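Here are my notes on this model, as numbered points. Please read them with the structure open.

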Amino acid sequence: MEGKIPLIIKWSGKEYEVYVSENDSVADLKREILYKTAVRPERQKLLNLKLKGKGSDEECKIATLKLKPNFKIMMMGSLEQDIEAANTAPANVSEVVNDFDIEDEEIAIEFQEIYLNKVAKRVKDYEVKILNELRPGKKLLVLDIDYTLFDHRTTAQSGAELMRPYLHEFLTSAYEDYDIVIWSATNMKWIIEKMKLLGVDKHPSYKIAFYMDYLAMISVNTPKYGLIDVKPLGVIWGKFEQFTTKNTIMFDDIRRNFIMNPKNGLRIKPFREAHVNRYKDDELLKLGKYLKDLAEHSSDFSTVVHRHWEKYKPKKRRHATDGRDCKDNKEKDRPGGAAEG
């Protein structure tokens, strides 16, 4: 379209092309987005549309923003029918989650040669950009983003309002024992944008080892649910020998994402409707303690049933003064025993 600037709106996993002129305002842009997505302007949150580092107001001219053609804008916002459905749902009806339990027939998928070959190809071809050096002796925590760390669908005035409560405290605590990896089923550009939005990328109390995107995932064909994309931890294990089934755990709000490594995955409760739940959600606070217990008491994470993490009561590791070792120490304390050291 002559005289118009094409822009790409990224919303709800899809991309929409809109056209605006330099003399149009942000309000005009939002009206164009309305025509494409049906999301009303007052519910649109344009996350990376900024002027001098701050969010642009609706009167701001497109020319002032200096947007290049095909610039991608990440949007959050809900359709009216979705909001109405959420508000009219019976209070005693449990939230329906797009997920399924991994049963015996699905567990066998992780051993099938066709999928192991796919993992091997990702190990060979997928490039990991190290952001912060891996630390010897640390365990590995792999985290999803959407609905795990923040609510990417609810409208809000800032990213902080959509961030899951205790996120920075959780990551700070986990970093003491774990190298942390972010793995999202989207492209790398949006992962980087979301981490900036949440203030995770340059936090002074912890560091992220690296990001992984949808290109590191593989497709598997399940007996009940057909073709699905999953996150095989074997890609990380194949690239970094210090990480194995024994010292790795993945948090994701969708269980099928770790179908290739079911013994190392923990399905976290999805964080939705941030405007309501940010005042009462303490999932990360409790999971932080769980990670501490695992790091201190478990020598093999794959032997722990993470599905029942809230009931986890670790057996205390045996100290040198327990049992027979205690007897040996008593022998040393006796006259004529081992020489004092």
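Two strands count as paired if DSSP finds at least two bridges between them. Keep that in mind for the strand points below. The model is predicted.

1. **Overall make-up.** The protein has 341 residues, and 46% of them count as buried. It holds 12 helices and 13 strands. Take the contacts between residues at least 6 apart in sequence: 71% of them join residues at least 24 apart. The exposed surface comes to about 19,000 Å². Carbon and sulfur atoms supply 49% of that area.

2. **β8 and its neighbours.** β7 and β8 pair in the parallel sense, over 5 bridges. In this pairing V142 stands opposite V181 of β8. β8 also pairs with β9, again in the parallel sense, over 4 bridges. There W183 stands opposite M212 of β9.

3. **Burial of β8.** How many residues of β8 are buried? The count is 6 of 6, so the strand is largely enclosed by the rest of the structure. In a regular strand, side chains alternate between the two faces of the sheet. Here Y178, I180 and I182 point one way, while D179, V181 and W183 point the other way. Both sets are buried, D179 included.

4. **Helix α7.** This helix spans residues 167-175. Its buried residues are L167, H168, F170, L171, A174 and Y175. They cover an arc of only 160° around the axis, which puts them on the same side of α7. An α-helix has 3.6 residues a turn, so residues three or four places apart point the same way. What does the buried side of α7 pack against? The partners are β7 (139-143), β8 (178-183), α8 (188-198), β12 (248-252) and α11 (283-297).

5. **The largest nonpolar core.** This core has 41 residues. L141, L143, F170, I182, I249 and F251 touch the most other members. Two or more residues come from each of β6 (71-76), β7, α7, β8, α8, β9 (208-212), β12 and α11. The largest share is that of α11, with 6 residues. The core draws on both domain 1 (4-83) and domain 2 (89-93 + 106-311), with at least three residues from each.

6. **F170 and the second core.** Leaving out residues up to four places away in sequence, F170 touches L141, L143, F251, L284, L287, G288 and L291. A second, separate core has 29 residues, among them V119, Y126, I218 and F258.

7. **Pairings of β6.** Strand β1 (residues 5-11) pairs with β6 in the parallel sense over 4 bridges. L7 stands opposite F71 of β6. β3 pairs with β6 too, but in the antiparallel sense and over 2 bridges. The bridge partner of K45 in β6 is M76.

8. Most residues other than glycine have a negative phi. Which value does A38 take? Its phi is positive, about 75°, although A38 is not a glycine. A38 is in the loop between α1 (26-37) and β3 (45-46). With 46% relative accessibility, A38 counts as partly exposed. K66 also has a positive phi, near 55°, and is not a glycine. K66 sits in the loop between α2 (62-65) and β6. Is K66 buried or exposed? At 72% relative accessibility, K66 counts as exposed.

9. **T186.** This residue is in the loop between β8 and α8. T186 is buried, at 12% relative accessible area. Apart from residues up to four places away in sequence, T186 touches K10, I191, K194, D213 and Y214.

10. **R256.** This residue lies in the loop between β12 and β13 (265-267). The cut-off for buried is under 20% relative accessible area. R256 has 18% relative accessibility and therefore counts as buried. R256 and V230 are 26 residues apart along the chain. Their C-alpha atoms are separated by 6.6 Å.

Notes
Residues numbered from 1 in each chain as written. Predicted model: local features only at pLDDT ≥ 70, side-chain atom pairs only at ≥ 80, totals over all residues. Heavy atoms only, no water. Buried < 20%, exposed > 50% of the residue type's maximum accessible area, 1.4 Å probe, protein only. Arc of directions from axis to C-beta. Contact = heavy atoms within 4.5 Å. Core = buried A, V, L, I, M, F, W, Y, C linked by side-chain atoms within 4.5 Å. Domains from an automatic or database assignment. Areas by Shrake-Rupley, 256 points an atom, 1.4 Å probe, with all protein chains shown as cover.
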